[in-house]
Amino acid sequence: MRVSVYRRAHFNAAHRLNNPNLSAAENVRLFGVCNNNNFHGHNYELEVKVTGEVNPDTGYVYDMKDLSDMIKVEIEDRFDHKNLNLDTEEFKNLNPTAEHIAYVIYQILRKKIGKEFDLSIRLWETPRNSVEYPA
Ligand code: NI
């Protein structure tokens, strides 16, 4: 029997969306207030979905303590209260859109979670805007 389990987490981070290949005016048109020169913050809500077979011995798909510890160490400690553009290697050369942040989180956690599990990332940048990877 395959079941999906979910773990929610939260981090605050600052970013600036900007494409250096485009003009300043074009960046403002594309990214609006998210292009603000001096950065701005978001309260990111993260949901990590792990899907797999229920282990007949434990009744669990995945140990939720292990999953929450992994998210704390790999994601929250890395991104919480950081300026994504300036403080993180991951976004030095990658525009920190919600799409890219979800993709980066997926790549980090994918290496830590066994291949027998499917993984999906949902990330809310605002209470009304969220992305999911893989689509
Ligand atoms: Ni923004």
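1. Contact here means heavy atoms within 4.5 Å. On that basis, and leaving aside residues up to four places away in sequence, Leu46 touches Arg7, Arg8, Ala9, Phe11, Ile71, Ile75, Ile105, Ile121, Arg122 and Leu123.

2. A quick word on the source: this is a predicted model, where local features need pLDDT of at least 70, side-chain atom pairs count only at pLDDT 80 or more, and totals for chains, interfaces and linings use all residues. Residues are numbered from 1 along each chain as its sequence is written, and side-chain values use heavy atoms, with hydrogens and water left out.

3. Of its 31 residues, Phe11, Leu46, Ile105, Leu109 and Leu123 touch the most other members. At least two residues come from each of strand S1 (2-15), strand S2 (40-53), helix H2 (64-79), H4 and strand S4 (118-126). H4 gives the most, with eight residues. Helices (H or I, at least four residues) and strands (E, at least two) are DSSP runs, numbered from the N terminus.

4. Now H4 itself. Its buried residues are Ala98, Ile101, Ala102, Val104, Ile105, Tyr106, Ile108, Leu109 and Arg110. Their cover includes S1, S2, H2, helix H3 (84-87), S4 and strand S5 (129-133).

5. Ile108 lies in H4 (residues 98-110) and is buried, at 11% relative accessible area. Beyond residues up to four places away in sequence, Ile108 touches Glu74, Ile75, Arg78, Phe79 and Glu90. Glu74 is 34 residues from Ile108 in sequence, yet their C-alpha atoms are 7.2 Å apart.

Conventions: Buried < 20%, exposed > 50% of the residue type's maximum accessible area, 1.4 Å probe, protein only. Core = buried A, V, L, I, M, F, W, Y, C linked by side-chain atoms within 4.5 Å.
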